[in-house]
Amino acid sequence: KPRLVLVLGDQLSHDLSSIRMAEKGRDAVVMAEVMDEATYVPHHPKKIALVLAAMRKFASALKDDGWTVAYTKLDDEANTGSITGELIRRASEFDADEIIATTPGEWRLIDALNDLPLVVRQLPDDRFVTSPKEFANWAEGRKELRMEWFYRQVRRKTGLLMEEGEPVGGRWNYDSENRKPAPQDTRSPEPLTFEPDAVVTDVLDLVEKRFAENFGELHPFGFATDRKQALAVLDHFISCGLPRFGDYQDAMIAGEPWLWHAIISPYLNIGLLNPIEVCRRAEEAFRAGAAPLNAVEGFIRQIIGWREYVRGIYFLEGPDYTSRNALVHDRPLPALFWGGGTHMRCLGEVVGQTRDHAYAHHIQRLMITGNFALLAGLDPGAVHQWYLSVYADAFEWVEAPNTIGMSQFADGGLVASKPYVSSGNYISKMSDYCSGCHYDVKAKTGERACPFNLLYWHFIERNRERLQNNPRMSVIYRGWDKRDADQRDEILTDATAWLDRMEKGETV
Ligand code: FAD
Ligand code: SF4
């Protein structure tokens, strides 16, 4: 009997475990564009177009390779609207009663597959360097799940940047060399983009028709949508971006969304690139003298360190992780997150480029939108939904630990040992945003005081009970408590008034 081989939109890899287990000529690959997946959050139109176009091209490649592919387009009349509905429909069409799947990257779909009235084999997704089981073993019995220790274990396992059991250069981590502020004079490389071909054009028409209301600009669309193009993006980064990736990893410049970043997360996350091949390419560049160690180590750490670590956390912590709210924050997201306008130039820039490109780099996500959400006490569940919607690389296993854990401290400090919060000073140091802002980054109180300055202390004061005894925070409390009481009152009163204006829907 034929079996059905499920391939999801973020599983577009030819060496996928479900495809490896299938038999050409006997089994049928099932791929489906369904409304359930396109609407579980209001995805950015560019993200929907990327996934649909890449799915269509991947299905064609499988067919060319001799596979039977049962492909459902979003507008097909028989489309049942869900992955499980499509599996049931195809099972009766092919007279199959067994499904081979690679375990999905989110609990929602894992549970849906388990609930099917068919035999479903969920195979490990081995496109990662480590498995959830390996991570759980590493985590067991540890008081703190520090990424750095996990990363060193993965360096040893892969041999990346290792020589005779020791890290190349004698140190594991070169981050101290990687925090240069934005350069004034040098221009960063343009990202590699692709003119829409016939497949992409069809998908863009569809997305334009069906998802016109979603936040985000669909055009111009230049994402890579197949493996060959994704490899070209990787090549482009290795030669043009990687050499300076480390230096300016944390820098932010108005009007320059890309800087020296790789812009490969969408391709890694949907399966067009493999994390190990990406790291080997970076390592080769270092060994050939084409990129310095601080850049290459930093880049490799993001992939075999952070990326693997957050996946480990997602599967270790279980389905309730996304509803955690350790700081009991409950303010709704203000309209400025959906392009509603703001006087804060930093937020205006980051939300604007997110709308245009479905992209923001890590420090923009962490220290602008994330920092603001945390300081303003926004509901972490709503913040999570926002990040899951607006970025082309957003899939729950990677987005949730970054948002709930690293950025919003809503898991109580599992991922981040202290909240990532800062006043305007950090933003002023690392970017050129403040120079053209309505607010004054140097002002601590009053009408024009930078909201990050006001809200920072509001956050510190309102979380005193929870954070004061955190060894990494106590010095902040000591400094705050030494200040003049009237000055503290003035800051807190101004912060509360500012938050009230935001909650009333005023442009802030
Ligand atoms: P580069 O800066 O060039 O880094 C290279 C690669 O390292 C990335 O492509 C990515 O695969 C990996 N990487 C770097 N940092 C992280 C990290 N913290 N976690 C996992 N992988 C990392 N990344 C996603 O892939 N999907 C998300 O939905 C996502 N949501 C985020 C939400 C928040 C609040 C924050 C703070 C970070 C989030 N990140 C997410 C991590 C990071 O911001 C993006 O991976 C990165 O900006 C992607 O751009 P790039 O390819 O140019 O990355
Ligand atoms: Fe952002 Fe404050 Fe700087 Fe304005 S002054 S750009 S609000 S940090």
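## The nonpolar core

In this predicted model, the largest nonpolar core has 145 residues. A nonpolar core is a set of buried Ala, Val, Leu, Ile, Met, Phe, Trp, Tyr and Cys residues joined through C-beta atoms within 7 Å. Buried means that 20 or more other C-beta atoms, placed from the backbone, lie within 10 Å of the residue's own. Leu242, Ile264 and Ala282 have the most contacts inside this core. Helix α3 (residues 45-64) gives the largest share, 10 residues.

Take alanine 282. Beyond its neighbours within four places in sequence, it touches Ile238, Leu242, Val296, Phe299 and Ile300. Contact means C-beta atoms, placed from the backbone, within 7 Å.

## Around ligand 1

Ligand 1 is surrounded by 28 residues, each with its C-beta atom, placed from the backbone, within 6 Å. The closest are His261, Ala262, Ser265, Gln302 and Glu399. Helices here are DSSP runs (H or I, at least four residues), numbered from the N terminus.

Domain 2 (132-211 + 224-315) and domain 3 (335-503) both contribute to the shell, so ligand 1 lies between them. The domain bounds come from an automatic or database assignment.

## Helix α13

Helix α13 covers residues 345-357. Its buried residues include Leu347, Val350 and His357. They pack against α14, α15 and α17. Alanine 358 follows the helix, with a positive phi near 55°.

## Reading the model

Residues are numbered from 1 along each chain as written, while chains are lettered from A and ligands numbered from 1 in written order. Local features need pLDDT of at least 70 and side-chain atom pairs 80 or more, but totals for chains, interfaces and linings use all residues.

Key. Buried ≥ 20, exposed ≤ 12 C-beta atoms within 10 Å, placed from the backbone. Helix = DSSP H or I, 4+ residues; strand = E, 2+ residues; numbered from the N terminus. Contact = placed C-beta atoms within 7 Å. Expected span 1.5 Å × (residues − 1).
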